[in-house]
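Dear colleague,

My notes on it follow.

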Amino acid sequence: MRFVRIIEGLFSLFMIFVLLPNALGQGVTIMQLRDFLLAQHKSRKSDTETADRLSAVTLSERLTEQAMSRIISETMPGAESVEQLRLLADYSIFAAPPSGRGPILPAPNSEAQQEMLRAGAAYAQTALHHLPDFLAIRYTRRFDNIPLGSRNKHSRPKIQLHWIGEFKNRITYRNGTEIEDDSRTQQGSLGTVHPGLMSMGEFGPIPWVVFTDFAKGDVAWARWELDPAEGRLAVFHYAVPKSASHYLVDFCCYQNPEDETQDLPFRDHPAYHGGLVLSPDSGVIRRITVQADLDNSTPIIGSDLAVQYAEVEIGGRAYVCPVRSIATITMHNVKMERIDGAGIERHLNEVQYIDYHKFGATSRVIANP
């Protein structure tokens, strides 16, 4: 029996090492991720090697900040590996939480589900009108996998997500309209912009558009989730056909595969799907995800957006506002294909919404001289 257990243990460890380097799209559980990092630490693998292997996988389960902190404290990865872990956690916001966590609650009946959705729709329609005039900061950290140069001329450039910059934009919200101090702001209620990947509509239009669109699509009960701060939350999955879509993917530019010196714009209202997380009694939206259904034959093959909402204090009162968002764009890149044979260019934005304060008599707008 001891021999069998040793063989089983070695086989499990072997499967972890085989699974993690697989191509993107292969889902790794949080437990497999933890075991891999423990094995890397015990065998004293370099930080760069560990980070390279982490960059080649995705998570099949959502990795929360708390769970990631525990894994980091247990496995003690280096700085490069920690960055890749954080990026894995960012992408995992579109996945379900690990199964078996917390009590299994029965699904509500059809009538109760419809009542939750009606409350969510009413909230989405009126949320903008309940917000006061305020100022806030949108703090964006940008990542992409454009190949990094190599000091060794005989080695291939490294293709993995890495930090490329960060910036802050001041948001002014007045009379139910968001005004951003950034010349790249795009008109429209829902979409993403590239270059300098940006998302819009987090302060109200995104939920409103999604509720409007899936009335002509499909929506279904998914599960209950237990949130440490909000308690029990209702989760629905939805899908919107292209004919009803108001999800705008609009950016410039992608590389023309027939002429690499030419950049072309892309604009489309694709079909999309996602998840909706709301408080079951009030209909207050706590998280929403939007994932475009783009064909692999098109230049742009992925456009995803996730927004988390929570209570923030503005002028001494609590309001539900966006606190975090993740936006991604994935596209074909001919030059990268010559390096790794895949040619998948990826961009990711981590966004935090901070420093909310009321726009009132104590605020001043100073014009440029």
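Aspartate 355 belongs to strand β16, which covers residues 344-358. This is a predicted model, and in it the phi of aspartate 355 is near 55°, a positive value in a residue other than glycine. Most residues other than glycine have a negative phi. Methionine 76 likewise is not a glycine and has a positive phi, of about 50°. Methionine 76 sits in the loop between α4 and α5 (79-91) and is exposed, with a relative accessible area of 55%.

Threonine 75 belongs to helix α4 (residues 65-75). Its relative accessible area is 2%, so threonine 75 counts as buried, the limit being under 20%. A polar atom of the threonine 75 side chain lies 2.7 Å from the backbone oxygen of isoleucine 71. Setting aside neighbours within four places in sequence, threonine 75 is in contact with Arg34, Leu37, Leu38 and His41.

As to the interior, nonpolar side chains tend to be buried together in soluble globular proteins. The largest nonpolar core here has 39 residues, of which Phe211, Phe214, Tyr272 and Leu276 touch the most other members. Helix α6 (residues 110-130) gives the most to this core, with 5 residues. Not counting residues up to four places away in sequence, phenylalanine 214 touches Leu117, Val219, Tyr238, Val240 and Leu276. Another core, of 15 residues, lies apart from the largest one; among its members are Ile30, Leu37, Val57 and Ala67.

With kind regards

Notes:
Residues are numbered from 1 along each chain as its sequence is written. This is a predicted model: local features need pLDDT of at least 70, side-chain atom pairs count only at pLDDT 80 or more; totals for chains, interfaces and linings use all residues. Side-chain values use heavy atoms; hydrogens and water are left out. A nonpolar core is a set of buried Ala, Val, Leu, Ile, Met, Phe, Trp, Tyr and Cys residues joined through side-chain atoms within 4.5 Å. Buried means under 20% relative accessible area, exposed over 50%, partly exposed in between (1.4 Å probe, protein chains only). Helices (H or I, at least four residues) and strands (E, at least two) are DSSP runs, numbered from the N terminus. Contact means heavy atoms within 4.5 Å. A polar contact is a pair of N or O atoms within 3.5 Å; within protein, one must be able to donate a hydrogen and the other to accept it, and residues adjacent in sequence count only if both atoms are side-chain atoms.
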